[in-house]
Amino acid sequence: MRILVVNGPNLNFLGIREKSVYGAKDYNYLLGLLEEKAKQAGIVIETFQSNCEGEIIDRLQKAYYDKVDGIIINPGAYTHYSFAIRDALASIDVPKIEVHISNVHAREEFRHKSVTAPVCTGQIAGLGLQGYLLAVDAIINILQDK
Ligand code: DQA
């Protein structure tokens, strides 16, 4: 089983940006958590981060050709307005989980709307970095129940 984890703009700044919102752990710490999870679960987890919309779309299209089994995506601020990332996600027919570290629904109004969540299988928000690990479990469960 192969799962792609995509992180959008500013998520490489974890541990630097707004620590009271996103926590003090950095992006490398998140990569370590995912590496450990992959080992425990006996699956392959690929990771990708970009601050550029087009690069995220290119990576999602590559995932289609690579035939990944599931996608976890935190599109960062693109969540709220990128119809292009939404369309790229809609093209790929695998379980897709949208993750937000913070509880976007409890924050500014512009963060309440996700244009990408409707084309995902589900959304996890507000559970910190743990959300990514829960998303991995969700995809494993969805695929096993198939
Ligand atoms: C975020 C929430 C977004 O609103 C914000 O723009 C981010 C991070 C989160 O993980 O909580 O960059 O996606």
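Colleague: In this predicted model, how far does a polar side-chain atom of Arg17 lie from an oxygen atom of the ligand?

Modeller: The distance is 3.1 Å, between a polar atom in the side chain of Arg17 and a ligand oxygen. A pair of N or O atoms counts as a polar contact within 3.5 Å, and the Arg17 pair is at 3.1 Å.

Colleague: What are the corresponding distances for His80 and His100?

Modeller: For His80, an N or O atom of the side chain is 2.7 Å from an oxygen atom of the ligand. For His100, a polar side-chain atom and a ligand oxygen are 2.8 Å apart. The ligand on its own has 320 Å² of accessible area, and the protein covers 98% of that area.

Colleague: Where does the ligand sit, and which residues are around it?

Modeller: The largest pocket holds the ligand. Around the ligand are Pro9, Arg17, Tyr22, Asn74, Gly76, Ala77, His80, His100, Ile101, Ser102, Val104 and Arg111.

Colleague: How many residues of each class does the shell around the ligand have?

Modeller: The shell is made up of 5 nonpolar, 5 polar and 2 charged residues.

Colleague: Which elements have the lowest and the highest mean pLDDT?

Modeller: Confidence is read from pLDDT, on a scale from 0 to 100. The protein averages 98, and 100% of the residues score at least 70. Among the elements, helix α1 (residues 19-22) has the lowest mean, 96, while strand β3 (residues 70-74) has the highest, 99.

Technical notes. Residues numbered from 1 in each chain as written. Predicted model: local features only at pLDDT ≥ 70, side-chain atom pairs only at ≥ 80, totals over all residues. Heavy atoms only, no water. Near = heavy atom within 4 Å. Polar contact = N/O pair within 3.5 Å; in protein donor to acceptor, adjacent residues only side chain to side chain. Areas by Shrake-Rupley, 256 points an atom, 1.4 Å probe, with all protein chains shown as cover. 1 Å grid on protein atoms, 1.4 Å probe; cavity = no way out; pocket = protein on both sides within 12 Å on 5 of 7 lines; lining within 4 Å. Sits in = over half its atoms within 2 Å of the grid points. Nonpolar A, V, L, I, M, F, W, Y, C, P; charged D, E, K, R; others polar. pLDDT = per-residue confidence, 0-100. Helix = DSSP H or I, 4+ residues; strand = E, 2+ residues; numbered from the N terminus.
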